[in-house]
Amino acid sequence: MGNTGEPAERDLPLVVLGEMVIMPHMTVPLQVGQGKSFRAMEQAWDEGREVLLIFVAEDEIEAYKTGQSTRLPPIGVVGRLEEFMKLPDGTARVILEGLGRAAVGGVLQREPFYRVRCTVLVDAEPDGMDVEALMDTVKQQVDAFVDQLGEVPQDAVAFVHRIEHPGHLADIVTYAPAFEFRERLEILNEIDPMARLRRAHLLLARQLELMKLRQKIQQDTKEVLDQGQREYFLREQMRIIRRELGEDDDTEDPIDELRRKIAALVAPDYVREQAAHELKRLAQQGMNNPEAGVIRTYLDWILNLPWGEEHLPEISLHEAQRVLDEDHFGLERVKERILEYLAVRKLAGTRMRSPILCFVGPPGVGKTSLGRSIARALGRSFVRISLGGIRDEAEIRGHRRTYIGAMPGRVIQGMKTARSRYPVYVLDEIDKVGQDFRGDPTSALLEVLDPEQNSAFSDHYLEIAYDLSQVVFIATANQLDPIPGPLRDRMELIEIGGYTEDEKLGIAREFLVRKQREFHGLTAEQLMITDEAILCLIRSYTREAGVRNLEREIASLCRKTARRVASAEAATPPPAAVIDASDVAGYLGAPRFSIGLAEEHDEVGVATGVAWTPTGGDTLAIEVLPVRGKGALQITGHLGQVMKESAQTALSYARSRAEQFGVDPNYFDEHNIHIHVPEGAVPKDGPSAGITLTTALISAMTGRPVRRDVAMTGEVTLRGKVLPIGGLKEKTLAAHRAGIRTFILPKDNAKDIAELPKKVRDELQLIPVASMDEVLTIALAARAEPVATRV
Ligand code: ADP
C-alpha cells in the first residue's frame, strides 16, 4: 500500500546542525554543546523524543545560535533522539536517527529554544520502467566506488543492494565520504524520489570520474591536465549520462539503441533470436515505414518481459507462519492449509505439479491479501489480474500482431508488471469468466494453469513461447458453482466464510485501525477508536460478510481526524482524539442500517428468510397478502424463475392442506394471493426460500402471526418435505447479525452445523426439520385476532 496519506503536521523543538546532514534512515552519534539546540533536545527527550533537524553552513550557524537568523531552510529532517546523555562538562552525547523529510513551516516559539511547525513528507511511490534501471545503475556505481576506495565493509555494500526505494537509495548514497555538505543538502532538498536519485547518480558519476582523474594524475605526473581538458572530459561524461537517462535531445539512433538493449537482454536464445530477427526487419524497412511502430512496440514488449533466471530464497515455514499471522487475524484453518501447501512445495521443489490454490468466499474476507502474504512469505513479487467479465479468449492469450492495436493477453501483461519470472500471481474472480462466440477463455486458462503445458505458454501476440512454470498461481472466487468443472478440478479449493461480529471486531482492532492510522500519518495518541465505536461501525454502517466496508469506514474516521489534526492551531495542540460509539454519527452521518430484527412485532403474513448472496448472506422478509379475487397468484420483488416456481409450489401445498389448517376450502376461489419480497431492486433467486414462502402464506390464510425472532431456510416439496440447501454458514451468520434467535434448517444440513462458528452455535437455536409441519409448529405463534383477510 502506498504512503499517500495526508501529510502530518508536527510542532517540534528545533536542532540546528552545522556543516552536516543527517538523512532519513541514518543514525548518527554526536556531541553537542550548551545552547538552543541543546535545550531543544533536552525538552524533546522528555516530550516525545522527536526534533526537527535543519542543516546550515558553518558560517551561518553563529547567527542561529545568537538568534539573529530565523530564515529557516525549506527542508529539514524529523529526527528521533535515541540517546541523550549529559556529560560532566555540560555538553551531551546524543544519538540521533533521521526519520523522514519535513517541510519547514513557521516559528512558533523562540525562547528558550525554537519550536517550529513542520509537515512530514512521505516519498511518493515510484512507478514506471526507469525506476529499476536507474536503481541498478546507481548500485553499480556504488560497487565501482567501493572498488576504488577499498576498505568498505561488505555488509554496507550488501545493505545498499537490498534497498528497494529510489529515494532511500539516493539518501544513503550521499553518505559516501567524498560528498560535500552542499551536495548532500542538494539531495536532501529534492523531494521527488526519482529526481533525487538522478541527482545522486550525477554526483556519483562526477565523483567516480574525479577519482579516476586523480589516479591518472598520480600515475603520470608529467601529463598536465589543464582546466580546459578536464572540463571537456567531465562534460563528455555528463553527456553520456544524460543520454542514458533519456534527458538529452540528440538521442542515440533508435536502431542502435535497440541493438544495444537486445545485446544486454538476459533471455533464452530463441527470444534473442526472435528479437534480432525483428530488429533486422525494422532496419531494412526504415523507421519511417508505417509498420515500424508495430515492430518497435513488439520489441519493447520482448525487452520488458522478465525472461531470466533468479535466485529464490529457501522457503522457511517458520517465517511463512510469522508473515501470515502478522497480516491476518484468525483464519486458523486457512493458514494451516496454506502452510501445508508451502511445506509440500518446499519438499518437492520445482519438480512437483503443485496444485493451484483457489480461495473461495465473499468479498472482503482477505482472499487477495492472503495472496499478497504468500508472496511476502516466499520472497516473490506479487501481481494480480481480474478475470471478471472476460468472455474472449484473446483477452487471455492476446491478439495476433496483424490486428491494429494488438497487445499480449492479460496473463503476459501481468508478467510484465511482475518484473520477475517467479511471482505469486493472483487470478481474481475466476468464477466470473464467461464464454460466448468469441471462443472460450477457459481453455486458455487451463493451459496457463497446467504444469504440463505452461512452461511453453503461447500468447498470440508474442508468438514465441513464454515459460510460466515457475509462477505460483492462486485463484480467487466468490462462488464455487460457476467455475467450469475442468478448471475446478485443477485447483485445491479453500473456502473462507464470512466473519462473525467478534472476528470483525478483532480484525479491526488488531489490523485495520492500525493500518489506516499509519496510512493517514496519524499516531495512536492522535486517534483512538474504542471497541464500542467499532461495533457501532459493524452494526450500523456496514452490512457485509467481509470487512471491506468496515475498513473504508475506519479510513473515513482517520481522514477526518487527520484533517482536524493538520488544521489545529499551534498554540493549542489537539487533544487526544478518542472516538467512541456516541461520536461516530458526528463523523459519518446517520447510521445506514438499523440493528436488530426486521420486524417490530410478530406479524401475520410476513416470514423471515435468509438468502445467500455472493457478497455473503442477508435476511429477507417475505410478505403474503390475500386480496379478494379468483385464485390468481401475483409475485413482485424481482424474483428469479426458480423462486417463482417455489411460490407456486408453496401455493399448491397450502391449497392441499387448507382444510387441515381450518381454512374454508373455497378460500382460494375467493382470494388472489400477492407475494412480495421487499427491496425489489435486488434480484433474488433459488429454491431455499420454499419453507419461508409457505410459512408466510399459511400465516396469511390462518391469521396466525409468524414469530419475528425466527428465521428459516429450506426447499419444500409439494408434499411438504424439507430438502437441503447450500451456504448454511453465510445464512446463519446473517441471521445472527440480524438478532434472530431461532433458526430452522433442513435436517439434511444438520451435519454442517459443526462447521459453524462457535459464537453462532451458542447464540442461535438451530433446529433441523424434515417436514413443513415441524416448521409451522415452531414458527407460528398462537392465533391473534382473526384477520383472515385484510382488504
Ligand atoms: P477479498 O480479496 O476477499 O475481497 P481483500 O483481500 O481485498 O478481500 O481484503 C479486504 C481488506 O480486509 C484488506 O485490507 C485485508 O487486509 C483486510 N482483511 C480481511 N481479512 C482479514 C483478516 N483476517 N485479518 C486482517 N485483515 C483482514
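Guide: Please keep in mind throughout that this is a predicted model.

Visitor: Which residues of H21 meet H19?

Guide: The axes of H19 (residues 501–519) and H21 (residues 548–567) come within 10 Å and cross at roughly 45°, and the two helices are therefore oblique to each other. Their crossing is right-handed. On the H19 side the contact is made by Lys504, Ala508, Leu512, Val513, Lys515, Gln516 and Arg517, and on the H21 side the residues are Leu550, Glu551, Ile554, Ala555 and Cys558.

Visitor: How do the residues of the contact of H19 with H21 divide into nonpolar, polar and charged?

Guide: The contact includes Leu512 and Val513 from H19 as well as Ile554 from H21. Sorted by side-chain class, the residues of this contact of H19 with H21 divide into seven nonpolar, one polar and four charged.

Visitor: At what angle do H19 and H20 pack?

Guide: The axes of H19 and H20 (residues 531–541) are 10 Å apart, and the crossing of these two helices is right-handed. Angles from 65 to 115 degrees would count as roughly perpendicular and those over 145 as roughly antiparallel. H19 is oblique to H20, and the angle at which they pack is about 120°.

Visitor: Which residues make the contact between H19 and H20, and how do they divide by class?

Guide: From H19 come Glu501, Lys504, Leu505, Ala508, Arg509 and Val513, while H20 supplies Asp531, Ile534, Leu535, Ile538 and Arg539. The residues of this contact of H19 with H20 divide into six nonpolar, no polar and five charged.

Visitor: Why is H26 described as largely enclosed by the rest of the structure, and what do its buried residues pack against?

Guide: Eight of the ten residues of H26 (residues 728–737) are buried, and so the helix is largely enclosed by the rest of the structure. The buried residues are Leu728, Glu730, Lys731, Thr732, Leu733, Ala734, Ala735 and His736, and just after the helix Gly739 takes a positive phi of about 85°. The elements that the buried residues of H26 pack against are S16 (606–613), S17 (616–628), S20 (710–712), S23 (742–746), H27 (758–763) and S24 (765–769).

Visitor: Is Leu331 buried or exposed?

Guide: Most residues other than glycine have a negative phi. Leu331, although it is not a glycine, has a positive phi of about 50°, and it is found in the loop between H12 (317–327) and H13 (332–348). Because its relative accessibility is 14%, and the cut-off lies at 20%, Leu331 counts as buried.

Visitor: What is the relative accessible area of Glu463?

Guide: Glu463 lies in the loop between S10 (457–458) and S11 (465–466), where it has a positive phi of about 70° although it is not a glycine. Glu463 is partly exposed, and its relative accessible area is 47%.

Visitor: Which peptide bond is cis, with omega near -5°?

Guide: Most peptide bonds are trans. Pro112 has its place in the loop between S5 (92–109) and S6 (115–120), two strands that form a hairpin with five residues between them. The cis bond is the one from Glu111 to Pro112.

Visitor: How many bridges join S4 to S5?

Guide: S4 (residues 75–86) and S5 form a hairpin with five residues between them, and Gly90 in the turn has a positive phi of about 90°. Val77 has Arg101 in S5 as its bridge partner. S5 is also joined to S2 (residues 27–32) by six bridges, in an antiparallel arrangement, and to S6 by five, again antiparallel. Between S4 and S5, which run antiparallel, the number of bridges is eleven.

Key
Residues numbered from 1 in each chain as written. Predicted model: local features only at pLDDT ≥ 70, side-chain atom pairs only at ≥ 80, totals over all residues. Heavy atoms only, no water. Axes fitted to C-alpha atoms, helices over the stretch in contact; angles between N-to-C directions. Helix = DSSP H or I, 4+ residues; strand = E, 2+ residues; numbered from the N terminus. Parallel < 35°, antiparallel > 145°, perpendicular 65-115°, else oblique. Left-handed = near helix turned anticlockwise from the far one by under 90°. Contact = heavy atoms within 4.5 Å. Nonpolar A, V, L, I, M, F, W, Y, C, P; charged D, E, K, R; others polar. Buried < 20%, exposed > 50% of the residue type's maximum accessible area, 1.4 Å probe, protein only. Pairing = 2+ DSSP bridges.
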